[in-house]
Amino acid sequence: MATSLLKVDSAWVQQWVQVFGTPGPLEAANSVVPTSDGGFFFGGSRDVGFNTADTWIVRTDALGNVLWSIDIGTPEDELYGAKLAPAANGDLLCASGWNYQ
C-alpha cells in the first residue's frame, strides 16, 4: 500500500495531500514530525524486495514534495517502522525495531 501525507488547517479543511511509495504489501508511515521551515519528516517502513522491509524516512518541503528519502536496514526485517522525535538541538531521533528470528 502507498503512504499518504495530508495537511489540514485549524478548521480541519484539507490543504493538500501527497502520496508516496508504490502500491506494495509493506509500505506504511507511522510517525510525522514538523520541521522549522514548514516541511515534514515522516517515518515508517517499506518493502525493499525479497519479502523484507526496511526503516523508511522521508523529508518533505512545506507542500509535501519529497526533498529526500532514505531506507535504513539490516539483514533482518524492520517491519515496525520508524518512530521519529525532534531533539532539543534540532536533530531528528529515530527508533526502529526488527523481526528477530
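How many bridges join strand 1 to strand 2? In this predicted model, in which local features need pLDDT of at least 70, side-chain atom pairs count only at pLDDT 80 or more, and totals for chains, interfaces and linings use all residues, strand 1 (residues 3–8) and strand 2 (residues 14–20) run antiparallel and are joined by six bridges. Residues are numbered from 1 along each chain as its sequence is written, and side-chain values use heavy atoms, with hydrogens and water left out.

The protein chain contains zero helices and eight strands, where helices (H or I, at least four residues) and strands (E, at least two) are DSSP runs numbered from the N terminus. The order of elements from the N terminus on is accordingly written β-β-β-β-β-β-β-β. Of the 101 residues of the protein chain, 32% count as buried; here buried means under 20% relative accessible area, exposed means over 50%, and partly exposed lies in between, with a 1.4 Å probe and protein chains only. The protein chain exposes about 6,200 Å², of which carbon and sulfur atoms supply 59%, with accessible areas taken from the Shrake-Rupley method with a 1.4 Å probe and, for residues, only the protein chains shown counting as cover. When contacts (heavy atoms within 4.5 Å) between residues at least 6 apart in sequence are considered, 34% of them join residues at least 24 apart.

Within the hairpin of strand 1 and strand 2, two strands being regarded as paired if DSSP finds at least two bridges between them, Leu-6 has Val-17 in strand 2 as its bridge partner, and Val-8 stands opposite Gln-14 in strand 2. Five residues lie between the strands of this hairpin, and Trp-12 is found in the loop between strand 1 and strand 2. Trp-12 has a positive phi of about 65° although it is not a glycine. Most residues other than glycine have a negative phi.

An open sheet of four strands has the order 3-4-5-6, with antiparallel pairing. Its edge strands are strand 3 (28–34) and strand 6, each of which pairs on one side only, and the twist averages 25° from one strand to the next, where axes are lines fitted to C-alpha atoms, for helices over the stretch in contact, and angles run from 0 to 180 degrees between N-to-C directions. Inside this sheet, strand 4 (residues 40–49) and strand 5 (residues 52–60) pair in the antiparallel sense over nine bridges, and Gly-43 has Ile-57 in strand 5 as its bridge partner. Ala-53, also in strand 5, counts as buried at 0% relative accessibility; Ala-53 and Leu-26 are 27 residues apart in sequence, yet their C-alpha atoms are 6.6 Å apart in space.Two salt bridges are counted, a salt bridge being a side-chain nitrogen of Lys or Arg within 4 Å of a carboxyl oxygen of Asp or Glu. In one of them, Arg-59 is joined to Asp-37, with the closest N and O atoms 2.9 Å apart. Arg-59 lies in strand 5 and Asp-37 in the loop between strand 3 and strand 4, so the pair ties together parts that are 22 residues apart in sequence. Arg-59 is buried, with a relative accessible area of 13%, whereas Asp-37 is partly exposed, with a relative accessible area of 48%. A salt bridge also forms between the side chains of Asp-71 and Arg-46 (2.8 Å, N to O), and this pair links distant parts of the chain, with Asp-71 in strand 6 and Arg-46 in strand 4, 25 residues apart. Asp-71 counts as partly exposed, at 32% relative accessibility.

On the surface, Leu-67, Trp-68, Ile-70 and Ile-72 form a nonpolar patch with about 360 Å² of accessible area together. Patches are made of residues with over 30% relative accessible area and no salt bridge, like charges being joined within 9 Å and nonpolar side chains (Val, Leu, Ile, Met, Phe, Trp, Tyr) within 5 Å. Ile-72, one of the residues of this patch, belongs to strand 6 (residues 66–72) and is partly exposed, with a relative accessible area of 43%.
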